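Please look over the structure shown here before reading the briefing that goes with it.

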Amino acid sequence: MLDAKIPAGLLEQKWNYYKGHCKLVNPANKRKLEVIVVGTGLAGASAAASLGELGYKVKAFCFQDSPRRAHSIAAQGGINAAKNYQNDGDSVFRLFYDTIKGGDYRAREANVHRLAEVSVNIIDQCVAQGVPFARDYGGLLNNRSFGGTQVKRTFYAAGQTGQQLLIGAYQALERQVALGNVTMHSRHEMLEVVVIDGKARGIICRNLVTGELERHFGHAVLLCTGGYGNVFYLSTNAMGSNVTAAWKAHKKGAFFGNPCFTQIHPTCIPVSGDHQSKLTLMSESLRNDGRIWVPKQKGDKRKPNDIPEDERDYYLERRYPAFGNLVPRDVASRAAKERCDAGYGVGTTGQAVYLDFKYNLINKYGRAEANKLGIQNPDTDTLIRLGKEVVKEEYGNLFDMYEKITGENPYEVPMRIYPAVHYTMGGLWVDYELMTSVKGLYALGEANFSDHGANRLGASALMQGLADGYFVIPYTLGNYLADDIALKAIATDHPAFVEAEQSAADRIAKLMGIQGKQTVESFHKRLGKIIWDKCGMARSEKGLKEAIAEIQALKKEFWSDVRIPGIVNGMNPELDKAGRVADFIELGELMCLDALDRTESCGGHFREESQTDEGEALRNDEQFSYVAAWEHKAEHQWALHKEPLTFEVAKPSQRSYK
Amino acid sequence: MEHYTMNLTLKIWRQQNTQTPGRFETYPVKNISSEMSFLEMIDVLNEQLIKEGKDPVAFDHDCREGICGMCSMYINGRPHGPWQKNTTCQLHMRAYQDGDTITVEPWRANAFPVIKDLMVDRSAFDRIIQAGGYISVNTGSAVDANAIAVEKDHADAAFAAAACIGCGACVAACKNSSAMLFVSAKVSHLALLPQGSPERKTRSMNMVAQMDKEGFGACTNTGACEAVCPKGISIENIARLNREYMMTGLSDD
């Protein structure tokens, strides 16, 4: 039986109780304890910096050339916090409730409540670090709204919020590097977790420049390595984002939680051709001001600006009047797919819908500015000119990005958008303390499964990454390490290190020895297509069974026919990529297995067999109110452990945004 | 946009490692779509090289949406290629015509040694940040975020400076390989905010000292850095850094 170690007591008192009763490590002992942090995005950088500040000896690792490049940097729209600065009825409880409901009642109440509680501290911390959030003329912080909520609780820095938050955490990290509390290892990839007497005690990693395998000891190991969206090949993730560290941990005994819970983001720039290497997100914040529509007439080939108002179907406003364009991501994505599948899609491929800013540009911003300037009865051109200025300040970088990719100007022509893989709610199973099922091995941020249930609300990923790193792990790690203060650093010639390094070396040798005909990239593309078609926005028993068979065949083919050029003892990006794709193939199989097992629909997991008459996701709480935690047994074999979810405060109901 | 395909000749800098001298190699690529990004075109070349049993071109890249700052190609004599306020990953092939020859080099600067082919070592930037590019505030010791009001103009200017992605195009474009735009953007970001005020003096002094130590050259205000900066960081920041630096020397408190 899985024990999530949730503290006793009332929901709103659990975290305080925990903090008041967890074990502590005194400052002199902290200096003797070494902590490994893998990944330096929001979760990793904030954890490494905070633990360094506390006095632990931290070793941080990232595969990029600098910790500042981690993919958290690409998050655009914002970060939620229950500050209620707008006086619009927000509170810790509401943020908690919205997150549980948004996740379609598949997240743990205690974790989510803690997340909502510390959200307010995150904003304070970031502002103190110099994160330049958007402000009003009075000098105070501004907010915007995001999907799945009816309050304005999102803090932002234009369309570059992730960048600004990461730079804040990165600078805090570099400060600890300068002080000697953190040692940074860039261009390193973790290839094995070292487990000694049932506890994680180190890692094996490859120096990506020299090709050397290195052994590193730590009293504890923190994986902050992000999500696995790149299993789909095309996603909004960075090219290097991968599951390898999490997957190695999985194979060493860490359970994988809800692997099939993946988020398809509704507003991304559509695929343009076979050459495509990644997809680009257009922030959800654009749905504040952009209205989504398709032509009312099937196959309408007119240019969008030539289609009159009454011939446009604003389908989100039509289907969900209460939330309109701000329904949660899973709902918006499925609605777009439904329209396109029914033949109303636009653009050359028919796989796109319009996101149109004209209405708000004129009526919301243009009019407000005209009022401010005292212009009576402004004409449309004036309104457009004035509105453009405001829209530029709010979303300028996103509009520029769109124009660079498509060659079209979104101030004039509606954007064409389509859903794309963006985030993975699933990840390593962790308990309340963020510890995986391997003692001393933790998972933070997107790498764990914990807080978003079956669908993550917009602007909650940044919140969770920073909550885990700044405000949760500094307490929970101490509770574990307090028992380890007498343990001296284990020498890396210990047999467990030797064995783990040998296993990494053997795998590399095996990959390099195949010398087949097909490139790593071609395998990755094929895997991505299987998963997108059969474990993407809609899943069925038949499709998933086919997918599992196809992935198993693909795995065989990969291990007998992949071609990796170059050398082992030196830089070899193709070899690195091959290792990642090999792990994605295995993960892909588990995702399909999990999706097959969960015959209900919930959040982003839509089983075609389980829907309401109106085509909405139909949950089955009787049977599936649990976290699926998968234990790796052998090739193609997993055992399912269930962590039951109980809802004492936010009682499950059919999610409605109508 | 009108879609078309093109055949191109690429002249690419190949260098095995930091110690070995490099050289240009010429490669033809065919049927490149105008809708591809520049890096997707390099992907096509690499797939071709792998199939021919050759070593693919090593280059840094990650987010491919212009924000991580990892991509770093010097294209036909200009960092990040011909478009304004743009990174290499955002450059699309509609910037080129059938039959074009494109020359691709790594960033050239002593402080950025070549690791392999088009990949350089920019860790000098991290060390400059370590010298003072932060506000010394430990986790948990912050006051309420709205306790200190910040003038909107200052907050906006701080954000504009903080938009730097640390790619190093400024250094690559500068005839002296100066890192002044990078350093001044960080100094400005933090100096413009009240939170950054207590460390203003030591920050500019220590960061400039580290910049010199890393072997970056001096600034002669030609503005080449600003012209190629993908995020449009203004050289006004350099003027601000100079003021900050001077103040440090003039005051004795």
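This is a predicted model: local features need pLDDT of at least 70, side-chain atom pairs count only at pLDDT 80 or more; totals for chains, interfaces and linings use all residues.

Residues are numbered from 1 along each chain as its sequence is written, while chains are lettered from A and ligands numbered from 1 in the order in which they are written.

**Helix pair in chain A**
- Helix α5 (residues 109–129) of chain A packs against helix α12 (residues 461–481) of chain A at an angle of about 85°, and their axes are 9 Å apart.
- The two helices, α5(A) and α12(A), are therefore roughly perpendicular to each other (the term covers angles of 65 to 115 degrees).
- Residues meeting across this pair include A:Leu115, A:Val118 and A:Ile122 from α5(A), and A:Leu466, A:Tyr470 and A:Phe471 from α12(A).
- The residues of this contact divide into eight nonpolar, four polar and no charged.

**Chain B overall**
- Chain B contains eight helices and seven strands (DSSP runs of H or I with at least four residues, and of E with at least two, respectively).
- The C-alpha trace of chain B spans about 65 × 45 × 35 Å along its principal axes.
- Of the 253 residues in chain B, 53% are buried (20 or more other C-beta atoms within 10 Å of the residue's own, with C-beta atoms placed from the backbone).

**B:Asn237**
- B:Asn237 is found in helix α8 (residues 236–250) of chain B, and it counts as buried because it has 27 C-beta neighbours inside 10 Å.
- Leaving aside neighbours within four places in sequence, B:Asn237 is in contact with B:Ala161, B:Leu181, B:Ser184, B:Ala185 and B:Ser188 (contact requires C-beta atoms, placed from the backbone, within 7 Å).
- The C-alpha atoms of B:Asn237 and B:Met180 are separated by 8.9 Å, although these residues are 57 residues apart along the chain.

Notes:
Axes are lines fitted to C-alpha atoms, for helices over the stretch in contact, and angles run from 0 to 180 degrees between N-to-C directions. Angles under 35 degrees count as roughly parallel, over 145 as roughly antiparallel, 65 to 115 as roughly perpendicular and the rest as oblique. Two residues are in contact if their C-beta atoms, placed from the backbone, lie within 7 Å. Ala, Val, Leu, Ile, Met, Phe, Trp, Tyr, Cys and Pro count as nonpolar, Asp, Glu, Lys and Arg as charged, and the others, Gly among them, as polar. A residue is buried if 20 or more other C-beta atoms lie within 10 Å of its own, exposed if 12 or fewer, and partly exposed in between; C-beta atoms are placed from the backbone.
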